[in-house]
Structures are given as C-alpha cells and as structure tokens.
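Biologist: Could you take me through a close look at one part of this structure, and then show me how charged side chains pair up elsewhere? I am new to this, so please go step by step.

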Amino acid sequence: MGKLKGFIEIERQKAPTRPVDERVRDWREVYLPYRTSDLRAQGARCMDCGIPFCHQGCPLGNLIPDWNDLVYQGKWQEAIERLHKTNNFPEWTGRLCPAPCEGSCVLAIDRESVTIKSIELSIIERAFEDGRVKASPPPTRTGRTVAIIGSGPAGLAAADQLNRAGHTVTVFEKSDRIGGLLRYGIPEFKMEKRFLNRRLDILEAEGVRFRTGVHVGVDVPAGELRTRHDALLLAGGAGWPRDLKVPGRELSGIHFAMEFLTQQNHLCEGDSVPSERIISAAGKRVVIIGGGDTGADCLGTVHRQGAASVAQFELLPRPPDARAAENPWPDWPNIFRVSAAHEEGGERVYAVSTQHFSGDAEGRVTTLHANKVEMRRDNGRPTFKPIPGSEFEMPVDLVLLAMGFLGPDRPGMLTELGVRLTERGNVWRDETWMTSEPGVFTAGDMQRGQSLIVWAIAEGRSAARGIDAFLMGSSTLPAPL
C-alpha cells in the first residue's frame, strides 16, 4: 500500500470508452486505455485491508494487492511477473472476465471497488508494448504426450502449463481456427482477435501443437487419440444450448445466439458466407431472449448490423440498484448493471415469459406472444407465475435465443469414451481432475457447466497439475483450485 489515504482521496474512474455513435459503426474494441497517471491513481486506491478478500473472489488466486501497488509505484516489470504467476492469459481475462474479485474487494463494503480488471489489462498490455512477453520454450522434454480436446481458455491454459512442464502437447479443435468461444463466441468489439492470435503465436513458438478442423468423436475416434497419447484432457466446453420449446419455434428467423455470433465472427475474420445463410439484423425488429452476457453480446452485434429496433427479454425481475439484504458482501453483487452494449441502446424487458410465436404464409416469424410473470420461491427454488391480463404481442423479424447452455454435447466423444456424467449432465471428475476413465481428464465448462473465463483458466491449470502428476508421479505445477 503505497498511498495511505488513496482509497479516501481518489474516486473510482471508469475505463474510458469510444463514443457510442462512433463505435457502433465498426467492430473495433469499445474500451480505450487509461492515461498512465490515471491508472497509477487507481492502483493507489487499493487499501491495506489486512485480509484481501479479492483473493477469495478470484478463482485464479491472483496476487491483486501486490500488482495494484506495483502499478502505483510504476514498477511494471515486477507487476507483470506477479500477474503471470497465477494467470496465463491476463489479456483475455482483463477484457472478458466480469471481475468477481471486484465484488469481493473490501473497499466495496461501503464504496466503489478498486478497478482491478482494468489494472490487470493495463499491466499485460504494457508488458507486450515493452517487449516483456516473449516465447520461452521448455529447456527439456519429458517424452510424454498429451492430447487436449478443445481450444478454449481451459484447454489453452492446460496446454501452456503442460508444455512448460516439458510434455509434448497437441490441441485439437473442431473449428477451422483455434480459440473456441474466444474465437467465435466473443464479438470483435469485446476482444479483437489479434489479441487472441498474439498469444497463440507465443504458445506455438514455445512448442504447443495445434490441429484445427478435427472433430474428435466424428472425424477421429476418441479411442485413437487415447491410444496415441499418454493422457487425454477433455476441454470441449458446454455447447448444448437451452432451447425455447414453445409453439412456433420452428418458424424461420428464430436462431440460437451462438449460431448468430459465430457467423458474425466469421465475417469479421473475412470468411465468405453464402448470402442465403447470412443471419442479419439489418433493418429488422429484433428480440433477444436472455438477459445475460451472451444476450448483451447479441445486443451489441445487432446494433452494429443496423437493427431497426431491439428488445432484450429476461425471465427474472429487474435486479436492485444496490445489494439486497440477502446478498451481503463479499458475495457476488446481484445488482442492475449496464454493459457497453446496453449503453448503445435497446429496450430491456424484465419478468417476461415468451409463450409462442406466429408467422406469415412463408413460414417466417412475425409476432412474439408473451406475458409478464411474478417470481416466487418454492422451497428456495424460483418459480414463475403468469400475471393475469398481462399478455402482449410484439412484432418481430428476428429472434435470438440466448438462454444459456445445458452442458456438453452427449453424442460422439463422450459416449465413445464412456466417461461418467454427473446428475446435471456434465463430465464427472475426481480430485485429481481425472474422469472415470484412467488417463482421461477434464476441465472447464465440460465438467463445470456454463461458467466464466476465469474459472476455465483456473481449472485448466489445476487439470494440468493432475495430468503432470499422473505422468511423472508428482508435480511442481501450481494448482489454484
């Protein structure tokens, strides 16, 4: 703690952004870098709190007070060393993580938290600018091989750790490019893909092997990979989307969010998409069903595509502006939030349930039929009761379903390997991150269910330690979980 009264004297400063009327006309990132003086002042707000609860909020166990103070002191080399001790990819979490650490910040008990996420991003970007982030291949190899299925943050974190330990790692990805949801699920305006490619180039220079266009369990039998490698890590995510099973769902113009976002990311990559297959919001009345981050990603995307209007539906009631009594610090604050996409426009509709769709003679959706609902608790579980007389209709040309995911896809790889599943349909694992099949491990959304990037990286690191110990008898790799 370099500045004793920094948390009293200095107010939280929101990360600067590009003007709305400018940014909705392109796909470049929304946020701008802080001035160095402003950033150091934000680092000075980190207080000598005794017990840093931000550690409790961060699954990676990031050394947050350390690098906050180092930024305040202008010690950038020491700051990036602290940051990389616990986080393989801070340039991704600094852009995409919702920052549960900030919800647990002691300063947030009665005022605004430290800008932890923005400071993290600034440290890593400064390190890249100054040439401090370079490829560093392991000095020796163990002779052991590991196949990682899935190239999202969990798979890549495990690949990085296992490669550092000297194992030969090959990452298999069913898409045409590496990155998983980082590549095709996250819009360009949230993270330009050059920041993904930059890190992938380093991993490849360090010896990690990438194979794209390989759908394990479809193109290549999972058993074949298991035979050819000493260990297998399942990190394929939770790609089974939750559907809306109501009358009219079969009408054209109703799409899953990931289908929509993936296609736009292909277009941003310069890929060719047949005109008859393009899902475009241009000039259309759009409804997004789902109020979470994926819904917000769809919202920002339809703004940039030129939608005529857009409404985002949420089944839950509107969150309060401040913590409710049953949501005390340091739990994650369930409060009303405004993302960059929401700043750009659109209507947010809470406590609403879609009942059915109707369409025209050509089979295209034209109308959404819904009603308002009241949320009640039944033995602690939420239930939603329709409010009599609250029925309404909304004209619509495009509906995007962003209601979350049910878990990993069942057919193919998981069935072939015969791994045990949990009651929720995720892949079961033991305390070493091994599945019910010896030598087969799992990490990320595939075993946790839909979650945060920071959890995925933490689990990839932990699974890497389990794999290293399985291969070598013991491991010196860190295990955040």
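Modeller: Let's begin with arginine 318, whose side chain makes a polar contact of 3.2 Å with the side chain of aspartate 321. Keep in mind that this is a predicted model. Arginine 318 sits in the loop between strand 8 (309-313) and helix 16 (340-343). Its relative accessible area is 42%, so arginine 318 counts as partly exposed. Leaving aside residues up to four places away in sequence, arginine 318 touches Phe336 and Tyr350.

Now turn to a charged residue in another loop. Glutamate 173 is found between strand 2 (168-172) and helix 11 (181-184). Glutamate 173 is buried but has no salt bridge. The nearest side chain of opposite charge belongs to lysine 174, 6.5 Å away, whereas a salt bridge needs the nitrogen and oxygen to be within 4 Å. What glutamate 173 does have is a polar contact of 2.6 Å with the side chain of serine 151.

Next come the salt bridges themselves; the whole structure holds 34 of them. One joins glutamate 29 and arginine 95, with 2.9 Å from N to O. Glutamate 29 lies in the loop between helix 2 (20-23) and helix 3 (36-43), and arginine 95 in helix 7 (residues 90-96), so this pair ties together parts that are 66 residues apart in sequence. Both glutamate 29 and arginine 95 are buried.

Another salt bridge links arginine 183 to glutamate 269, and here the closest N and O atoms are 2.9 Å apart. Arginine 183 belongs to helix 11 and glutamate 269 to the loop between helix 14 (257-268) and strand 7 (285-289), so the pair ties together parts 86 residues apart in sequence. Arginine 183 has 4% relative accessibility and therefore counts as buried, while glutamate 269, at 25%, counts as partly exposed.

Lysine 3 and glutamate 9 also form a salt bridge, their closest N and O atoms being 3.3 Å apart. Lysine 3 is partly exposed at 27% relative accessibility, and glutamate 9 is partly exposed at 49%. Finally, look for a network of salt bridges that links Lys14, Arg23, Arg304, Glu343 and Glu344.

Technical notes. Residues are numbered from 1 along each chain as its sequence is written. This is a predicted model: local features need pLDDT of at least 70, side-chain atom pairs count only at pLDDT 80 or more; totals for chains, interfaces and linings use all residues. Side-chain values use heavy atoms; hydrogens and water are left out. Helices (H or I, at least four residues) and strands (E, at least two) are DSSP runs, numbered from the N terminus. Buried means under 20% relative accessible area, exposed over 50%, partly exposed in between (1.4 Å probe, protein chains only). Lys and Arg count as positive and Asp and Glu as negative; His and the chain ends are not counted. A polar contact is a pair of N or O atoms within 3.5 Å; within protein, one must be able to donate a hydrogen and the other to accept it, and residues adjacent in sequence count only if both atoms are side-chain atoms. Contact means heavy atoms within 4.5 Å.
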